[in-house]
Amino acid sequence: MFDYIIVGAGSAGCVLAHRLSEDPDVRVLLLEAGPRDWHPFIHMPAGLARLAGNTRINWNYETVPQPGLGGRTLWWPRGRVLGGSSSINAMCYIRGVPGDYDDWAAQGATGWDWTSVLPYFRRSEGNVRGADALHGGDGPLTVSDPRHVNPLTRAFVEAGEQLGLPRNDDFNGPVQAGVGLYQVTQRDGARCSAARAYLEPARPRRNLTVHTGAMASRITLDKGRATGVVYTHLGKAFHQPAAREVLLCGGAINSPQLLMLSGIGPADELRRHGIAVVHDAPDVGANLQDHLDVCTLQHETRRVSYDRMSQARIAFDYFLRGRRGPGTSNIAEGGGFVRSPLARDARADIQLHFIPAMIDDHGRHRLPGDGYTLHACFLRPRSRGRISLASNRAGDKPRIDPDYLGDADGFDLRMLVECAKLSLQLLAQPAFDAYRGAPIHPARMDLSERELVDFVRERAETVYHPIGTCRMGSDAMAVVDPQLRVRGVDGLRVVDASVMPSLPGGNTNAPTIMLAERAADLVRGREERAPGP
């Protein structure tokens, strides 16, 4: 008998496994559908470019056709491996801004305001620059400055300054706006995933059991209480009881799917798939949000991009010469945060990621020559989608409909056009004169407003930040309460990005780790407070 069963060894699951197993009297079982994080390109940061097509460690999801994007289906890679998406992401360490979390509290997520969550960001962070009022210096998750920066990335930062944007050396500091280099979740030149940061040091504990290749099919319930998990492992089916709680950490896609397969979700949909309704929860799977991203690509003439670099040479330099050189690059080396003319408050509403290589179709389509890519996304989209079931079988992928650009007044589309305009302005700055070749996407730099709209609809893609499908709140429709307990079911919590009421202003991995740090305290009945003035 285990006290806690954690379903999903992604970012949140690794944090919970570490924190809960700190008590030697508590037995913890961690289930992960994917394999161990053995692949060397997981650990070499630049290896992420070779992980996109590896379906063994990637759920390899696709959306349904999106009317707002000309009927296109979008590819959604999600980590299916120890560490989850923190083992395949671009390692940018971004928290968002205080107003993002104060918004959570205003939406009913009591206790998740900035003052309450800052201690958990600091607890998790081991920043190489040391601790201060906003940063942790000795947390499990190592946050580092980049070891290698491409000259094209430095040109991008200079271009931002030429456009009038301030230089910012800490996007997680007092001010988020500006351009600069990202700090990354790396330790000694290697990826510091949640598996490395949290799970690896906990693995020797005798009270922690980790099963990889373990696919959960449903949560068992009795008289309104979660009692265990049914899963397959090594070709056999098991039912494992949980003495205290089941903690669901599958992420914004898998967590609502498993709830629905277990009879917790919209009653009509469950009945349509022949699933007995245990608890009618209409909002399970609803409130799906994601950052939509538009990419501008241009050729470069100096041949310094990463396009022509041999992966074999990069790996040789990295593994045999002390984790140095381009192998340490997270590819998305530089970026920024900008407040657009359409911003509704003081927060930046556009995020930039600069890539010193041509990234077309998530890197799955190789273009000839050398070039660079500028990603720009709208940080606070209004469109809301849904995760729903395709069948009653756990092995079948759920139906993913983000309803991109589906907001009633078309504001998301207007903002994506602003993102494209900003990208074209940045790439036109003198800093790129020495490198600038022919434009690729778009093929011309002087697009009309109508052509910019068409460009967005034809080219926009996900930037991999789905959240919200098990929304946290204090109202009766919220899937989980502010303690992350599933409403209507005892002994069951959801701990992952699916509980976020709205998107933070930036990448979602650091907020997910923070959320799991605080959840561990909620499970253990303790709370860390910010120091007083």
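Predicted model: local features only at pLDDT ≥ 70, side-chain atom pairs only at ≥ 80, totals over all residues.

Q: At what angle do α10 and α11 pack?
A: About 100°, with the axes 9 Å apart. That makes α10 roughly perpendicular to α11 (65 to 115 degrees counts as such). Helix α10 covers residues 411–427 and α11 covers 449–459. Helices here are DSSP runs of H or I, at least four residues, and strands are E runs of at least two. Axes are lines fitted to C-alpha atoms over the stretch in contact, with angles from 0 to 180 degrees between N-to-C directions.

Q: Which residues in α10 and α11 meet?
A: From α10, Leu-413, Leu-416, Val-417, Ala-420, Lys-421 and Leu-424. From α11, Glu-449, Leu-452, Val-453, Phe-455, Val-456 and Arg-457. Contact means heavy atoms within 4.5 Å. Asp, Glu, Lys and Arg count as charged; Ala, Val, Leu, Ile, Met, Phe, Trp, Tyr, Cys and Pro as nonpolar; the others, Gly among them, as polar.

Q: Switching to α7: how many of its residues are buried?
A: Eleven of the eleven, so α7 (residues 251–261) is largely enclosed by the rest of the structure. Buried means under 20% relative accessible area, exposed over 50%, partly exposed in between, with a 1.4 Å probe and protein chains only. Just after α7, Gly-263 takes a positive phi of about 95°.

Q: How many cavities of 30 Å³ or more?
A: Two. A cavity is a set of points on a 1 Å grid over the protein atoms alone where a 1.4 Å probe fits but cannot get out; lining residues have an atom within 4 Å of a point. Volume is the space filled by probe spheres set on the points.

Q: What lines the largest cavity?
A: The lining includes Phe-378, Tyr-404, Asp-412 and Leu-416. It divides into eight nonpolar, two polar and two charged.

Q: Last one: where does Arg-187 lie?
A: In strand β8, residues 186–187. Arg-187 is partly exposed, at 22% relative accessible area.

Methods. Residues numbered from 1 in each chain as written. Heavy atoms only, no water. Parallel < 35°, antiparallel > 145°, perpendicular 65-115°, else oblique. 1 Å grid on protein atoms, 1.4 Å probe; cavity = no way out; pocket = protein on both sides within 12 Å on 5 of 7 lines; lining within 4 Å.
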